[in-house]
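Trainee: Can you walk me through this one? I'd like to begin with the pocket.

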Amino acid sequence: MDFFKSFFDVTKLPTKIFLVVSIVTGVFIFSGSEILKKLHLDKFQTYEGFVGLAFLFSTVLVIVNLIIWIFNKLHFEYKLKKLKAEHKQILTELDPQEKAVLREFIICSQSSIDMPYDNPVIAGLLGKNILSINKQFGNSLIMHGTKVPVSISRYFLKILKFENVDLMENPTEEEKYLISENRPEWVNSSRRY
């Protein structure tokens, strides 16, 4: 029982150690006797069976760890690609009220805005992970009445485009008026676009 416990403890060592063991034992096994004499390792030739076993064990562990790493990397890339596609899809399916809330970040040129946490549109954007509540001190939160500081999630901020929130880069006066008239009701009306 102790043998199996110690065996699994050994396999938890970093892969770098097994790579070094594999290389060292591989040099010992595959080099000629003249190289072993130069390295003063010729007296260890009586232990070739143990060295061969160490080489086989360490090489197999390195290969298994490499396969697991490649699999995890490919799995992560697949999940990330799928998540990015889902995020882009979410941005194309925003309703007009959700677009109006996200437009406020562009209109105000701010990364964080105080928004009412009990507003159903903001709650929906929080639920979709488009918005996130800012935590000022560790996991604590500072509220101002019914408002909390909210930011656009980092990834959504990277992929958010003007057209996702019905904005033009150089709007006409008529477009500015339409946008100003369709701002959320909780926005300070003195701030115009």
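**The pocket and its helices**

Mentor: α5 gives the largest share of the lining of the largest pocket, four residues. The model is predicted, so to speak of local features takes pLDDT of at least 70, and side-chain atom pairs 80 or more, while totals for chains, interfaces and linings use all residues. Residues are numbered from 1 along each chain, and side-chain values use heavy atoms, without hydrogens or water.

Trainee: Which helices each supply at least two residues of that lining?

Mentor: α5 (96-108) and α8 (173-181). Helices are DSSP runs of H or I, at least four residues, numbered from the N terminus.

Trainee: And which residues line the largest pocket?

Mentor: P96, K99, A100, R103, D166, M168, E175, L178, I179 and N182. A pocket is an open set of points on a 1 Å grid where a 1.4 Å probe fits, with protein on both sides within 12 Å along at least five of seven lines; lining residues have an atom within 4 Å of a point.

Trainee: Which residues of α5 meet α6?

Mentor: Q97, E98, V101 and L102 in α5 meet V121, I122 and L125 in α6. Contact means heavy atoms within 4.5 Å.

Trainee: New topic. Where does UniProt place "transmembrane region"?

Mentor: The unreviewed UniProt entry puts that feature at residues 13-30 and 50-71. Such annotations may be inferred rather than shown by experiment.
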